Amino acid sequence: MGKGEVGGSLTAKTSAKTPSWIHRWRPLPKLLGLLALMVAFAAIQRLALLPVIGVVAVGLWGISGLPWRLWLRRLAGPGVLVTGLILVLPFWLGETVIWRWGALAVRWEGIAIVLRMGGRLGAIFTLSLLLLETTPLTELLAAVRRLGIPDLLLELAWLTYRYLQELGSQWQQMRRAAQLRGWRPGGSLRRDLPFLASLLGTLLVRSYERSERVYQALRLRGYGQGAPLVSSAGDPAQAYTSVALSWGATGLALGIAGLLLGLGLV
């Protein structure tokens, strides 16, 4: 993972060469607009609308200027998992057989479910990734907070994200230290498994000790005394044009979502 490819970064760094208008889309309107599109995508039942939601999702990604290689990399993991789960459906679900070879039969109803699930999941995942890659995490959490989400949940999300980054950093340091001492990854699993298990155990112990120190540091800084961990996104009245354009884009997204819902549920 490249340095600039961390989804939902804490700062305003982006993987795009030049920040697009999607990066400048205000967090709260962007969150509402993309969530509306995701809800509409999830409700789509007509197969004829799957190319439409695909064009919308891929088009937004293309406009954002984010690398396509990043999209493919992020999509690869869940894509393989979902593909493995849904590929068996055409052989199990439905009554209309469109191809048979011995006891093996492919049914149209199963294929329709696979297409519907794959198309919707791919489009929703693309929009989720777009939201995380074009919005700093602090501003995204501030926008979620304005929707009424309790501070405790936001603090847990914030700490979890930061801690996963810390775990990843420590894991990389331990791997490099092990390689400097002569360990070479890629050997047999039987040989590497005890060593990897010892690394994992050390990582867990270090993580526990680190969490204790972080908790004590937070207590010293007033955590638990009502002080918010998530800062506000700032006063939107300072940029009327940006606010107006952002809510205009959200209105367009809501219109597309309403149109898709009207067409997709018929």
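These legends go with a few close-up views of a predicted model.

**View 1. The whole protein, element by element.** Here you can pick out nine helices and two strands (DSSP runs of H or I, at least four residues, and of E, at least two, numbered from the N terminus). Starting at the N terminus, the order is α-α-α-α-β-β-α-α-α-α-α. Of the 266 residues, 32% are buried (under 20% relative accessible area, with a 1.4 Å probe and protein chains only).

**View 2. Ser-20 and its surroundings.** Look for Ser-20 in the segment before helix 1 (21–24). Ser-20 counts as buried because its relative accessibility is 10%. Setting aside residues up to four places away in sequence, Ser-20 touches Ile-63 and Ser-64 (contact means heavy atoms within 4.5 Å). Its side chain also reaches the backbone oxygen of Ser-64, at 3.1 Å.

**View 3. The largest nonpolar core.** This core has 32 residues, and Leu-34, Leu-37, Phe-41, Leu-60 and Leu-127 touch the most other members (a nonpolar core is a set of buried Ala, Val, Leu, Ile, Met, Phe, Trp, Tyr and Cys residues joined through side-chain atoms within 4.5 Å). Zoom in on Leu-34: beyond its neighbours within four places in sequence, Leu-34 is in contact with Trp-25, Leu-60, Leu-127 and Leu-131.

**View 4. A second, separate core.** Five residues make up this one, including Leu-137, Leu-141, Leu-154 and Trp-158.

**Notes.** Residues are numbered from 1 along each chain as its sequence is written, and side-chain values use heavy atoms, with hydrogens and water left out. In this predicted model, local features need pLDDT of at least 70 and side-chain atom pairs count only at pLDDT 80 or more, while totals for chains, interfaces and linings use all residues.

Definitions and conventions. Buried < 20%, exposed > 50% of the residue type's maximum accessible area, 1.4 Å probe, protein only. Polar contact = N/O pair within 3.5 Å; in protein donor to acceptor, adjacent residues only side chain to side chain.
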